[in-house]
Amino acid sequence: MSRVGVLTAAAVLHEFTPAQLAVWCEEDVDAVVELLADASDLFRRLPDAGKSGAGEQRWQVIDAQVLRHAITAESRALPGEGSDHLAAAYRVPGNRLSRGPAARLRMAEETLMDCAEEPSALGRRIMAESAKNYLRQFLADVVPGSRPWWELEPALVEALPEHVDTGAGTVTRWRLRADLALARLTEAAAGGRVEEDFLVKTAEELMHPLGSSDVDEEWHRRLSGRFPELALCVIGPSGHGNGQPAAPARLMSTLTWRRALTDAGNIREATRELARVLVRLAKKLPATVPKGGPTYLFQVLDDLPYGRERINVYAPLLEILPRQLRYQEEELVVPGVLVTAITEPQTSDRLRMYADAVEDDLVQSDFTSGSALIGQTVYVVQHLAVTGAGMDVTVLERSDRACRDLLSLAGVPV
Amino acid sequence: MTMPGSSPYGGLEPPMWRSLLAEAAVFHATRGVLGRLCDMAAHEDTVKVMLLNLGRAARRFSRQEDDDGAAVAAVVAAWAQDLSSALDDPELEEDTRRLLTETLHRLDQAACQDPFLPMLRAVESQARELYGEHWRPAALSLAHRRSHPRGADPAHDPYAVTAKTPWPPSPTQAQVELHIFADRFGPAAYAALPTLLTHECVCHVPARQDEAKNDSEFAEGFLDWVAYEYLRLWAMKLDPELGPTMRKHAERLKEILDGDITTRVGMARVCGHDAARELEGWFETEYDITLDESRKRVLRLAVELNVVDRPLRLKNNFVSQLRKPFPPYLDKALREWHEQAVTGEELLDRVEEAVS
């Protein structure tokens with residue numbers, strides 16, 4: 001199909017040098033020059049701009065329609081060549097086609113996970129949109145119907161059977177619901193704060209048991225880990241970053257998830273517990289915090305009479321508080337992680353200073369893994385305990401206990 | 001000129017370099033029969049043993065000799081002796097005898113010359129013309145890897161070689177790296193080298209984007225599909241003798257890589273290849289043009305988008321929408337691009353506006 005190949009390349013480029021045209025077909029430059037010279041009814045040479053080599057002179061298609069007729073006619077005149085030849089050379093095996101839906105589903109899921117590393121809000125929105133495209137296309141693959149994929153609503157997932165054949169295994173309907181919920185939450189987090197109702201609904205989507213024939217448990221673990229990160233991002237105090245969780249927020253979400261996992265004993269129960277915790281958390285976090293202070297590990301909820309405050313505080317910080325500094329625990333918002341307490345003024349000052357020290361250290365961290373953040377926090381907490389031990393030596397013993405507990409969540413044998 | 005006892009590639013110890021050089025010198029000299037050697041080795045023990053012996057000789061003489069030329073000459077002589085001994089067997093099948101005889105004659109052309117860099121230069125000359133002013137000069141580095149890239153059984157996956165182009169490139173050039181598992185460097189891996197180099201030169205060397213990701217459906221899927229097509233077009237120009245074998249092993253390697261959707265790069269390949277085929281089909285039906293022309297339209301758009309300096313995630317998002325029927329705004333934008341009313345850059349603007 002040598003001549004047809006050159007004519008086709010010319011139709012695509014419209015204006016070209018023979019050297020450029022040769023790259024788009026199987027012929028070499030000399031053959032292309034010869035062919036162009038012989039086809040003066042199809043191509044014209046443009047005025048020479050000072051370049052002398054035959055391969056560098058510019059040519060142009062005279063009439064695209066005439067050229068296309070010539071291509072069609074010459075393709076038909078070549079038995080066994082042209083389109084049939086190409087189609088045969090690039091035929092896609094049936095089993096490979098059947099892998100498309102499974103690949104699109106996994107691509108959506110991995111893209112959603114990758115959002116955790118994307119610093120810009122617009123970038124995360126684009127990625128969430130890509131993931132939704134793949135999820136909708138997956139729905140179009142498995143749900144018979146005539147509507148275009150981009151018109152399919154997530155609610156369509158309810159029409160699916162409990163187990164969906166992807167062509168390369170099965171996935172559950174619940175997994176798709178969870179994927180779609182994560183996509184919506186990712187998009188919402190990139191856009192800023194979201195309504196509590198939305199979060200509760202998303203959490204409910206994630207509470208249902210998952211199960212599939214491929215990466216179920218691993219996927220569920222990653223999904224469940226990502227969810228509290230995003231949830232904290234959207235329900236956390238505003239004015240900090242652009243919806244991308246800062247290191248202190250990642251610490252809190254990691255601890256929240258791992259605590260739930262440890263207490264529940266398995267991923268499914270932990271996800272249920274997590275959903276309950278997040279709903280509670282959504283009601284307990286302040287809308288804003290003052291600039292310049294700690295954001296995630298210490299928050300003032302109310303100013304009370306006599307200089308007292310109602311605060312949220314990172315639970316291990318209470319463990320390293322000298323006994324002389326009084327507080328009254330009001331609620332375990334996230335057991336072992338976040339506590340609401342009523343504090344005396346001096347107590348508030350000390351806790352604010354502790355939280356500031358931990359957060360300052362975390363925001364300078366290069367670590368991305370949750371375990372590393374926990375380890376880094378343990379180091380700072382121990383250092384703070386030593387400074388507090390001048391007032392109360394029992395701080396050291398309580399600090400050791402708190403740090404052992406933290407390290408066990410990081411998977412460090414203690 | 002390489003000094004005795006040294007390697008022109010910093011990532012390779014001299015003995016490893018001499019071993020690869022000696023084997024590659026043999027493969028280059030016999031490239032006209034390399035495809036048949038690969039095929040026959042799959043079911044003919046004599047040929048399989050011959051190729052294993054070649055690898056052993058290369059490793060042995062590369063350690064014994066300090067000089068590249070002496071090592072290559074020793075390997076060629078040892079293998080010629082091996083082939084002659086095999087040909088002495090009166091029970092040798094006739095087709096095997098013909099192939100080994102022809103191989104032996106071609107061994108005379110074996111020379112102590114780096115065959116890797118000329119391969120890159122041949123691919124580069126095509127890619128430079130393709131990308132024009134956007135082309136970024138490419139340098140080659142060679143490194144040894146300690147295992148098969150996919151940990152595979154060499155009988156099913158003989159392509160014990162990978163390539164990459166680290167990101168970001170330096171201001172003056174991109175570095176193309178070939179990573180070869182020398183213990184399994186056989187004729188099939190050699191024949192696949194132009195495919196890998198074409199992928200690097202079409203997909204990565206001239207790319208303008210903010211980051212590189214080996215699981216990008218645009219860079220590793222959509223553009224990869226395009227790179228295979230260019231390899232098919234360029235094969236005979238890169239090397240008329242090796243061309244048909246290049247194409248054959250490009251297809252075999254593609255089959256192997258496409259078979260894996262458990263890895264992230266595998267998923268990206270499937271999604272990107274499917275997207276390219278969807279777009280190809282759309283051009284073909286919407287404009288009533290031949291399959292060849294519709295394919296070349298996809299190629300042109302891919303090349304144009306690759307050099308638009310926009311975030312990779314935006315290009316990925318474009319690929320994620322290439323499923324028929326296309327969203328109305330994209331359908332309209334693609335028609336305008338086809339009619340040359342908008343550029344590739346403006347097409348990506350539309351994609352970004354749709355998300356925003």
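Contact here means heavy atoms within 4.5 Å, while helices (H or I, at least four residues) and strands (E, at least two) are DSSP runs numbered from the N terminus. The model is predicted, with local features requiring pLDDT of at least 70 and side-chain atom pairs pLDDT 80 or more, whereas totals for chains, interfaces and linings use all residues. Residues are numbered from 1 along each chain as its sequence is written, chains are lettered from A and ligands numbered from 1 in the order written, and side-chain values use heavy atoms, without hydrogens and water.

The strands of chain B form an open sheet of 3 strands in the order β1-β3-β2, with mixed pairing. Its edge strands, β1 (138–144) and β2 (161–164), each pair on one side only. Pairing requires at least two DSSP bridges between two strands. β2(B) and β3(B), residues 174–180, are antiparallel over 4 bridges, and B:Lys164 stands opposite B:Glu177.

Helix α4 (residues 68–87) of chain B has 20 residues. Its buried residues (under 20% relative accessible area, 1.4 Å probe, protein chains only) include B:Val72, B:Trp79 and B:Leu83. The buried residues of α4(B) pack against α1 (14–29), α3 (45–64) and α5 (94–106) of chain B.

Key
The expected span of a helix is 1.5 Å times one less than its number of residues. Buried means under 20% relative accessible area, exposed over 50%, partly exposed in between (1.4 Å probe, protein chains only).
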